Amino acid sequence: MMHEHGKSDRRVVPTKPPNNGAAVPPVVGQRAAEGVEGRRLAKGNPHQRTMFRTLRRANMSPELERIRQAAYRDRKMRFTALFHHVYRLETLRRAYMGLNPKAAPGVDGVTWQQYGEDLEANLQDLAGRLARGAYRAQPTRRTYIPKADGRQRPLGVTALEDKIVQAALVEVLNAIYEVDFLGFSYGSRPGRGPHEALDALSVALVRSKVNWVLNVDICGFFDAMVHKWLVTFVEHRIADRRIVRLIQKWLKAGVLEDGKHSRSEVGSPQGASFSPLAANIYLYYVFDLWAHQWRQRYCQGDVRLIRYVDDIVVGFATRQDAEQFQEALGQRFAHFGLELHPEKTCLIEFGRFARERRHERGLGKPKSFDFLGFTHISGQSRRGRFQVERRTMAQRLRAKLTEVKGELRQRMHLPVPVQGAWLRLVVLGHYRYYGVPHNVKALQRFRKEVARLWQRSLSRRSHKGYVTWGRMKHYVDKWLPVARVYHPYPEERFGVMTQGRSPVR
């Protein structure tokens, strides 16, 4: 595995495994000190050049823990006997219980509740078919949901038994790949969520010498993954042919849309349980390893990498490094069937000196960029220090309000307390994701717009007249929570999560 050492006159801790033992990883219940890129001694924390975060690993079964330890000891080991872990009743039962009970049924029409009426018998039958090779993957049902920009996002609704088997396989493979994946990869990983990625990005922009930001967008990534390459990447670690054939069954099952069944050599349907892990495996080999090596070999200044599934942001110290990286990345992606979006992939000047340098050149304020639902702005604190301000993306805000408007139309004639209880959950859910520092005004605007939509809906449900704001204010104060920040400052949470950990990778 590759290492990175800080370039500074300060003393840097040499790259080494976590202080949990060199040969054996930490046991279940302890935190594995997985690093993003390395970390200084405590004295250098405020000015650290690199960063990492700790992987919060859920408890594993003893069998999977042994697999994880073997993967940890030998990073080149190919596992030949994994399939029996997939069709264990305990694994299948956990996979079933982890599914969304309210999810739409696939082509088989079986719902979560129907399958659970005779759960043990169904799971035993499924395990038997897996063990003797009689399991057959069913095509995914294609459906579409609106995106924030007005376009339609294709989703694949998987049959229930396929969801169960995929979730079971993901649990087994996570024991291996969570050892391999690099620290700057955050999406669809146990214990890692969007706010961890947002924290890492903010800390990198504030504490590192980042002057340019490359916001990478991949054209239709989930529809562009080449099956041949995905299977090749899986075989780097997995030598169990039954596992590989299981994955190939899902890839070859095809899509059912408007009664027509179609197959393709590319793509993995969004919505399938295996798709997020497949995406991480694909980009681990196509992007992560390559980008980590490229910055060590060719870059002259600092480079910071943050990836959340197919959403990628890269920070650079120099424009020359950024332009060379963007050109090389386009060539790299093309080799593996991927393409950079020509309009959404953009290089912007950003960072602590961006405002001053653009002012000297007679240019306007630094441009902003979007990442994980937030618009990132190069701002200043009250003391004049550089800070990254995050605002709710305008597209996301409009899309959510449009969704609320449509739902209110469906619930128009329900009692006010019922509507209020539902709106309370909607507003709280919005706050819990977008409630970050410097974003209170956007939260207040969302609450105000929801109240306006609710007032309009109540006024239209009867011919008796308009609901006055005095009456509406009573409903709003009672049911719509006041805007509040739910998340700490990125430096605080990121520092707590990384404090005292040894650098790795």
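This is a predicted model: local features need pLDDT of at least 70, side-chain atom pairs count only at pLDDT 80 or more; totals for chains, interfaces and linings use all residues.
Some ground rules. Residues are numbered from 1 along each chain as its sequence is written, and side-chain values use heavy atoms, with hydrogens and water left out.

Helices and strands here are DSSP runs, numbered from the N terminus: H or I over at least four residues for helices, E over at least two for strands.

The sheet, then. Four strands make an open sheet, ordered β2-β1-β4-β5, with mixed pairing. Pairing requires at least two DSSP bridges between two strands. Strands β2 (152-157) and β5 sit at the edges with a single partner strand each, so one side of each has no neighbour in the sheet. From one strand to the next, the twist averages 40 degrees. Inside, β1 (residues 140-146) and β4 (residues 255-257) pair in the parallel sense over two bridges. R141 has L256 in β4 as its bridge partner.

Next, S264. This residue is in the loop between β5 (260-262) and α11 (275-298). Buried or exposed, or in between? S264 is partly exposed, at 40% relative accessible area. The cut-offs: buried is under 20%, exposed over 50%, partly exposed in between, with a 1.4 Å probe and protein chains only. Not counting residues up to four places away in sequence, S264 touches H227 and L251. Contact means heavy atoms within 4.5 Å.

Now helix α7, residues 194-207. Twelve of its 14 residues are buried, so α7 is largely enclosed by the rest of the structure. One of them is D199, with a relative accessible area of 1%. What does D199 contact, leaving aside neighbours within four places in sequence? R390, P490, R493 and F494.

Last, a helix pair. Helices α14 (residues 394-410) and α16 (residues 440-460) pack at about 25 degrees, with axes 10 Å apart. Axes are lines fitted to C-alpha atoms, for helices over the stretch in contact, and angles run from 0 to 180 degrees between N-to-C directions. That makes α14 roughly parallel to α16. Under 35 degrees counts as roughly parallel, over 145 as roughly antiparallel, 65 to 115 as roughly perpendicular, the rest as oblique.
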